[in-house]
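Reader: I'm new to protein structures, and I get lost when I look at a whole one at once. Could you pick one spot, take me through it closely, and then show me what lies around it?

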Amino acid sequence: MKHKAPTKQLVTMLAVVAGLALASSTQAQTITLGSNLVQTGPYAGWAGTPPATVTYPLGGGIEVVNSDTNGYGGEYFSATVPYTVSNPLATSLQLTLTINGSTNGYNYFSPGQLVINDSSGVYYYNMPYSGPGNPGNQAGPVWNGNVLTATVPLQVFEQNAIQSGGVTIYGFNLDLDPANIATASGNFDVTYNSVAFLPVASVPEPTTVALVGVALLGLLGLRRRRTS
């Protein structure tokens, strides 16, 4: 019985340490794209004949359907209610989009240049090219079925602004470069889902690992003493 209190203390310590590790690895801010963003004018292929159509699915997101043969293009979307982003751990930017329908023809394409207009400036992010199942994908894109997530480092000035006090985002320019879509002459149907500001990849810090190790060793020692 005399070992119960220390054991409980160690268990509590483990829970606290695990909670700190979890919190440090999951502090991401995600902006769900949708009807809060109003289109202000397309360019290039999105303004072709016929122009791309932009709709807002009930489940969220911004769907763009393009049937012009010049598939490259984009559009600026202004936030009716600006977004606030403040994250002392943010180091990277992640865009998530969904290809509606079959991905068979999407051999090599890019979400293009994502532009963020915020209170600290205007930032241009060239997103990597990729294709589902394409071994030549650039670093950064990950495919999960029809869903593509493309991750790039935050630009230094924007990262510093987000980490130090936060920024107000007024809008995004969403872009797409089909590059090599083999079907329907470059036509596409995609839904832009979200933009996330992510912390460093969730690798436990050495201090956290050491604390967990010490607590586990102490708990193991007490259990051996109780059973001896």
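Author: Let's start with F172, which is buried, with a relative accessible area of 0%. Keep in mind that this is a predicted model. How many aromatic pairs does a search of the whole structure find? The search finds 2. F172 and Y83 form an aromatic pair, and this one is tilted: the ring centres are 6.3 Å apart and the planes make an angle of 50°. Now look at where the two partners sit: Y83 belongs to strand 5 (residues 73-85) and F172 to strand 12 (residues 167-181), so the pair ties together parts that are 89 residues apart in sequence. Is Y83 buried or exposed? Its relative accessibility is 14%, so with a cut-off of under 20% Y83 counts as buried.

Now step back along the chain to helix 2. This helix covers residues 156-164, and its buried residues are E158, Q159, A161 and I162. Why do they line one face of the helix? Looking down the axis of helix 2, you'd find these buried residues within an arc of 165°, so they line one face. After helix 2 comes G166, with a positive phi near 100°.

Next, have a look at T149, which sits in strand 11 (residues 147-153). With a relative accessibility of 18%, T149 counts as buried. What does T149 touch, if you skip its neighbours within four places in sequence? Its contacts are Q94, L95, T96, G140, P141 and V142.

Let's move on to V64, in strand 4 (residues 62-66). V64 is buried, with a relative accessible area of 0%, and strand 4 as a whole is mostly covered, with 4 of its 5 residues buried. Setting aside residues up to four places away in sequence, V64 touches W46, A52, T53, V54, F188, D189, V190 and Y192. The strand pairings give you a way to read that list. Strand 3 (residues 53-55) runs antiparallel to strand 4, and 3 bridges join them. T55 stands opposite E63 in that pairing. Strands 3 and 4 form a hairpin with 6 residues between them, and G60 in the turn has a positive phi of about 105°. Strand 4 is also joined to strand 13 (residues 188-199), by 5 bridges, and those two run antiparallel as well. There, V64 stands opposite V190.

The chain has a mean pLDDT of 78, and 67% of its residues reach 70 or more. Where does pLDDT stay under 50? One such stretch is residues 10-26, for which the model has 17 contacts beyond four places in sequence. Another is residues 202-209, with 4 such contacts in the model.

Technical notes. Residues are numbered from 1 along each chain as its sequence is written. This is a predicted model: local features need pLDDT of at least 70, side-chain atom pairs count only at pLDDT 80 or more; totals for chains, interfaces and linings use all residues. Side-chain values use heavy atoms; hydrogens and water are left out. Buried means under 20% relative accessible area, exposed over 50%, partly exposed in between (1.4 Å probe, protein chains only). The arc is that of the directions from the helix axis to the C-beta atoms. pLDDT is the predictor's confidence in each residue, from 0 to 100. Contact means heavy atoms within 4.5 Å. Rings of Phe, Tyr and Trp (its six-membered ring) pair if their centres lie within 6.5 Å; planes under 30 degrees apart count as stacked, over 60 as edge-to-face and the rest as tilted. Two strands pair if DSSP finds at least two bridges between them.
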